[in-house]
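Subject: Handover of a structure for your review

Dear colleague,

I am handing over the structure shown below, and I would be grateful if you would look through it.

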Amino acid sequence: MEFDDKLPIYIQIMNYIKKKIVSGEINGGDKLPSVRELSSELKVNPNTVQRTYQELERENLVFTQRGMGTFVIEDTEIIKNLKKSMALDIVNNFISEMKELGFEYKEIVEIILDNKKKEE
């Protein structure tokens, strides 16, 4: 994983884990790597991973069982809502950047439809 200097590392790790959860790469009930394992894998300070897990727990996406580890919640509704929220963020960023380039909504839709036709 490569980190961007513009965003705190713990947030980037949170986004990385969230993407794995919504894509199904990590399922509800799965145990996340230990703080030590993940910090070693990503080559970051263990405190950074600990903060990541704390923030994910604060957002009710994971829970910690003392002595057992950190686990992904099994509530499919929360995961589905997270997926929708992440998708909306991507779409809103895309539209915002396209408008900065001077495109109108109609032109943006045309570009998307043209691209979709090319893929088919």
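This is a predicted model: local features need pLDDT of at least 70, side-chain atom pairs count only at pLDDT 80 or more; totals for chains, interfaces and linings use all residues.

Overall organisation

The protein chain contains five helices and two strands. Along the sequence, these elements follow the pattern α-α-α-β-β-α-α. The radius of gyration of the protein chain is 18 Å, well over the 14 Å that the globule rule gives for 120 residues, so the chain is more spread out than a compact globule. Along the principal axes, its C-alpha atoms fill a box of roughly 55 × 35 × 25 Å.

Of the 120 residues in the protein chain, 27% count as buried. The chain exposes about 8,800 Å², and carbon and sulfur atoms supply 50% of that area. Among contacts in the protein chain with a separation of 6 or more, 48% come from residues 24 or more positions apart.

In soluble globular proteins, nonpolar side chains tend to be buried together. In this model, the largest nonpolar core has 22 residues, and those with the most contacts inside it are Ile17, Leu32, Leu38, Tyr53 and Leu56. Two or more residues are given to this core by each of H1, helix H2 (35-42), helix H3 (46-58) and helix H4 (76-100). The most comes from H1, with six residues.

Is Ile17 buried or exposed? Its relative accessible area is 3%, under the 20% limit, and therefore Ile17 counts as buried. Leaving aside neighbours within four places in sequence, Ile17 is in contact with Leu32, Leu38, Thr52, Tyr53 and Leu56. By comparison, the C-alpha atoms of Ile17 and Pro46, which are 29 residues apart along the chain, are separated by 16 Å.

Leu56 may be considered next. Not counting residues up to four places away in sequence, Leu56 touches Met14, Ile17, Lys18, Leu61 and Val62.

Ser39 has its place in helix H2. With a relative accessibility of 6%, Ser39 counts as buried. Its contacts, apart from neighbours within four places in sequence, are with Val44, Asn45, Pro46 and Val49.

Most residues other than glycine have a negative phi. Lys43, although not a glycine, has a positive phi of about 60 degrees.

Which other loop residue deserves a look for its phi? Asn60 lies in the loop between H3 and strand E1 (62-65). Phi of Asn60 is near 60 degrees, a positive value in a residue other than glycine.

With kind regards

How values were computed. Residues are numbered from 1 along each chain as its sequence is written. Side-chain values use heavy atoms; hydrogens and water are left out. Buried means under 20% relative accessible area, exposed over 50%, partly exposed in between (1.4 Å probe, protein chains only). Contact means heavy atoms within 4.5 Å. A nonpolar core is a set of buried Ala, Val, Leu, Ile, Met, Phe, Trp, Tyr and Cys residues joined through side-chain atoms within 4.5 Å. Helices (H or I, at least four residues) and strands (E, at least two) are DSSP runs, numbered from the N terminus. The radius of gyration is taken over C-alpha atoms; the globule rule is 2.2 Å times the number of residues to the power 0.38. Accessible areas come from the Shrake-Rupley method with a 1.4 Å probe; for residues, only the protein chains shown count as cover.
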